[in-house]
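I opened a new notebook page for this one. The plan is to look things up one at a time and jot down what turns up.

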Amino acid sequence: MSGTNQAMTWHMIGHSWAEELLKKHIRTDQVRQAYLLTGSDGLGKRTLAIRFAQALNCTAPKASGDICGECRACTLIPTTQFPDFHEIVPEEDTSRLKVEQIRELQQKLALSPYEGTWRIALLPDFENATENAANALLKTLEEPSENVIVLLTAVDVPSLLPTIVSRCEHLPLRAVSNEIIRETLLRQGVEGEQAELIAGLAQGRPGWAIRYANDPELLVKRAELLDQLSQLLHQSKRERFDYVERFLPRRDELDTQRHNVQEALQIWMGVWRDAMQRGFNVAGENINPDRSDLIEVLNQKLSPQQIHACVHALKRAQHTIERFANVRLTMEVLMLELPNLE
């Protein structure tokens, strides 16, 4: 069977409702000028945007809204080599999208499509755009050009200007079931026990699961971070501050520090949520079944209310980091808020 005949779906992991909605927009000629895809990192926002862009410009779909997987648009868009597809990401020296990049994009969008039916702009993680960049994009959304579609992704709606959100078709992507992720990993050759663990750890994020399945070192790093958390809970404030110094070498770039802290906080949060779930007798599967000993210790030493307070402390730290605050100071504050189990 040829690749064209096989390409009936967009090969998404979950999010079937969003796939069907976007296909319907293509089939009924009701494509919007701008779309906003929201959800946590690793959920599949960029993948869905790429599939939509392929379907919009595919030259040999078996049916309207499908993807053939073989034409120039289908093969070049995922690698951002298609002339009518523009993915705008922060420059290497910063994690913020700048107004100059938006103005350069606007010049490209003012041109008619060179090869495809649509000229498409993808701006992932748009919550990281500067205020000036966001305001510049607003002009494009207010005065859309013909045959231009703007695709934005973001973690959530509150992180964006309300005027941006109001001009977009909003698709809030939700967590994918553990079962769907586990079955996907099994089909890709991941062994059963490993697939079960990664599916649980992914917390509904298929992209995260695929990344961890393909890079065993990430699971090793996770284990190290959880071991460090266990040690921190038995250390003095001075020892914890020393840990922050080691964890955030001053020679590292700020973006590297922010990424490392966000990764650690996400992994630590999973254990504390497992402990809170158990402390309050809430039914559900543990995210970290391989760390049942640590979860047991937390519930023996701390009340459910204390565990709940730790979850909130981690959430505050995550939100602070997302807003580009001082990374080192945020970690030091968290060290003061974590309980001592001695």
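**Entry 1: the cores.** Before anything else, a term I need: a nonpolar core is a set of buried Ala, Val, Leu, Ile, Met, Phe, Trp, Tyr and Cys residues joined through side-chain atoms within 4.5 Å. I also remind myself that I'm working with a predicted model. With that settled, I looked up the largest nonpolar core and found 52 residues in it. Trp268, Trp272, Leu298, Met331, Leu334 and Met335 have the most contacts inside this core. Which helix gives the largest share of the core? I got helix 13, residues 254-279, with 10 residues. Domain 2 and domain 3 both contribute residues, so this core lies between the two.

Leaving out residues up to four places away in sequence, Leu334 touches Leu265, Trp268, Ala313 and Leu314. There is also a second, separate core of 33 residues, and I noted Tyr35, Ile50, Cys58 and Ile149 among its members. As background, nonpolar side chains in soluble globular proteins tend to be buried together.

**Entry 2: the domains.** I wrote down the division: domain 1 covers 16-172, domain 2 covers 177-214 and domain 3 covers 216-337. Between the C-alpha centres of domain 1 and domain 3 I have 34 Å.

Entry 3: I found an open sheet of five strands in the order 2-3-4-1-5, with parallel pairing. Which strands sit at the edges? They are strand 2 (85-87) and strand 5 (169-172), and each pairs on one side only. On average, neighbouring strands here are turned by 15 degrees against each other, direction ignored.

I zoomed in on one pair. Strand 2 and strand 3 (residues 119-123) run parallel and are joined by three bridges. Glu87 has Leu122 in strand 3 as its bridge partner. I also checked what lies over the sheet: helix 2 (residues 16-27) lies across strand 1 (34-38) and strand 5, and runs at about 155 degrees to strand 5.

**Entry 4: the cysteines.** How many disulfides does a search of the whole structure find? I got zero. I wanted a reason for Cys58, and here it is: its closest cysteine sulfur, in Cys68, is 3.6 Å away, which is too far for a bond. The cut-off I'm using for a disulfide is 2.5 Å between the sulfur atoms. Is Cys58 buried or exposed? Cys58 counts as buried because its relative accessibility is 10%, and buried means under 20%. Cys168 also counts as buried, at 12% relative accessibility.

**Entry 5: Gln54.** I found Gln54 in helix 3, residues 45-57. Gln54 has 5% relative accessibility, so I put it down as buried. What is Gln54 in contact with, once neighbours within four places in sequence are left aside? My list reads Ile67, Ala73, Cys74, Ile77 and Pro78.

**Entry 6: Asp255.** Last stop, back on helix 13, where Asp255 is found. At 30% relative accessibility, Asp255 counts as partly exposed. Residues up to four places away in sequence don't count here, and with those set aside Asp255 touches Thr94 and Ser95. I also took a distance to Thr9, which is 246 residues apart from Asp255 along the chain: their C-alpha atoms are separated by 36 Å.

Note on methods: Residues are numbered from 1 along each chain as its sequence is written. This is a predicted model: local features need pLDDT of at least 70, side-chain atom pairs count only at pLDDT 80 or more; totals for chains, interfaces and linings use all residues. Side-chain values use heavy atoms; hydrogens and water are left out. Buried means under 20% relative accessible area, exposed over 50%, partly exposed in between (1.4 Å probe, protein chains only). Helices (H or I, at least four residues) and strands (E, at least two) are DSSP runs, numbered from the N terminus. Domain bounds come from an automatic or database domain assignment. Contact means heavy atoms within 4.5 Å. Two strands pair if DSSP finds at least two bridges between them. Axes are lines fitted to C-alpha atoms, for helices over the stretch in contact, and angles run from 0 to 180 degrees between N-to-C directions.
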